[in-house]
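Happy to go through this one with you. Let's set each value beside the rule behind it.

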Amino acid sequence: MPYSFSRRTDWPSGENELALLLKSMLSRGEQVIDLTLANPTRAGLAYDQERLLSALASADSLVYAPLPCGLLRTREAVSAYYAGKGITVAPERLLLTAGTSEAYSFLFRLLTEPGDKVLVPAPGYPLFSFLADLNDVSVEHYRLRFEEGRWRIDFESLEGLLGPHARTVILVSPNNPTGSCISRDELLQLNRLCAAHSASIISDEVFCDYLFPGQEASFGSLAGNEEVLSFALGGISKALALPQMKLAWIAANGPRDVLTEALSRLEVIADTYLSVSTPVQHAAVKWLADMPVFSSMVLERVTGNYTFLCGELARSKAGECFPVQGGWYAMVHREGLCADENWALGLLAQERISVHPGYFFDMPSEDFIVLSLLPEPSCFQEGVRRLCRRMGGVHRS
Ligand SMILES: Cc1ncc(COP(=O)(O)O)c(C=O)c1O
């Protein structure tokens, strides 16, 4: 009898053509400018090595005394991180996980039955469909619309999807890739809609420490949302630009009775895995105290690159950049661009730059591309110049 595998992992096998070409160019030693870079540890940032590593060398780490929700002192440090943003989150409302993806899995396990749908934004982060498959649910996209200078939730499309088997709404704020944050008005409307359907909200706020200058007031964390059962996600992969350390958290909130039940069920899920490492939990207490140092280093990088990008697009008239409220990404638009896979392959082969075509992010048309704002500035600038040259050469429809 042949071996069998679960249908959950029946994904198309192999890498896409773009990834294969990039790999073969790099293996031949060719210089490629990667404008999709998502890994801050490869972005030439000046991490304080000694300080980071010494925090890991604590004798406390030699003792195994696990708590399902995570060590109290670490949850207190996360609570202090929220206090720094003016939000009160008691450590009892926090649960630590080994990364945001694990937090999503725990929440899908908590909130959904097999076959249910989770509602995710489009444009949005492409990992959701894999996370959903692995948890026996599927994704449905509600739309974000660009109106009056900013991306907003299309409530009509969201309302049309909510139902007895679709009662988990995912928000990403600031969103990857639109860089938009949910406004207070939108949150009021979202709460009304979710309360009417007894729907829960998962709010991915991993980029909330990267609000662009002047946008500080535009972000509201759902860690403070008492109206509806809500789970705000954060983590050091973005807050401290340390994805390799694998520490994230869920800040739960909502009406008291349902919140208490959700927390006790989540605790059992977490107790089944106990996945967050003790040394990282101890070190994170010290790292989080240095959070402003990390975030200002990265914020300076992404805002500097964004300013250059907007200037270069305007100067070359190659396209326009959507306004970014926060995060590490920017979306470039050019009417009639047709940025499909072939276009991205041509860009890589001829200009030696790698970008994300918009369809990766469920964009409504192909005249968008997404750029990471993380690369080292001289690489980023050269990449953007080549991109503008190429886009300028595309026939405008
Ligand atoms: C919106 C969003 N959420 C979560 C993550 C992943 O976070 P983690 O490394 O904590 O799993 C990413 C990674 O790029 C992301 O873009």
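Q: Where does Glu 205 lie?
A: Glu 205 sits in the loop between β7 (200-204) and β8 (230-235); strands are DSSP runs of E with at least two residues, helices runs of H or I with at least four, numbered from the N terminus. This is a predicted model, in which local features need pLDDT of at least 70, side-chain atom pairs count only at pLDDT 80 or more, and totals for chains, interfaces and linings use all residues. Residues are numbered from 1 along each chain as its sequence is written, and side-chain values use heavy atoms, with hydrogens and water left out.

Q: Why does Glu 205 have no salt bridge?
A: A salt bridge needs a side-chain nitrogen of Lys or Arg within 4 Å of a carboxyl oxygen of Asp or Glu. The nearest side chain of opposite charge, Lys 85, is 8.3 Å away, so Glu 205 has none. Glu 205 is also buried (under 20% relative accessible area, 1.4 Å probe, protein chains only).

Q: What makes the link between the side chains of Glu 205 and Ser 221 a polar contact?
A: The term asks for a pair of N or O atoms within 3.5 Å, one able to donate a hydrogen and the other to accept it; residues adjacent in sequence count only if both atoms are side-chain atoms. Glu 205 and Ser 221 are joined at 2.6 Å, so the pair qualifies.

Q: Which residues is Glu 205 in contact with, leaving aside its neighbours within four places in sequence?
A: Among them are Ser 173, Phe 219, Ala 232 and Leu 233, contact being heavy atoms within 4.5 Å.

Methods: Buried means under 20% relative accessible area, exposed over 50%, partly exposed in between (1.4 Å probe, protein chains only). Lys and Arg count as positive and Asp and Glu as negative; His and the chain ends are not counted.
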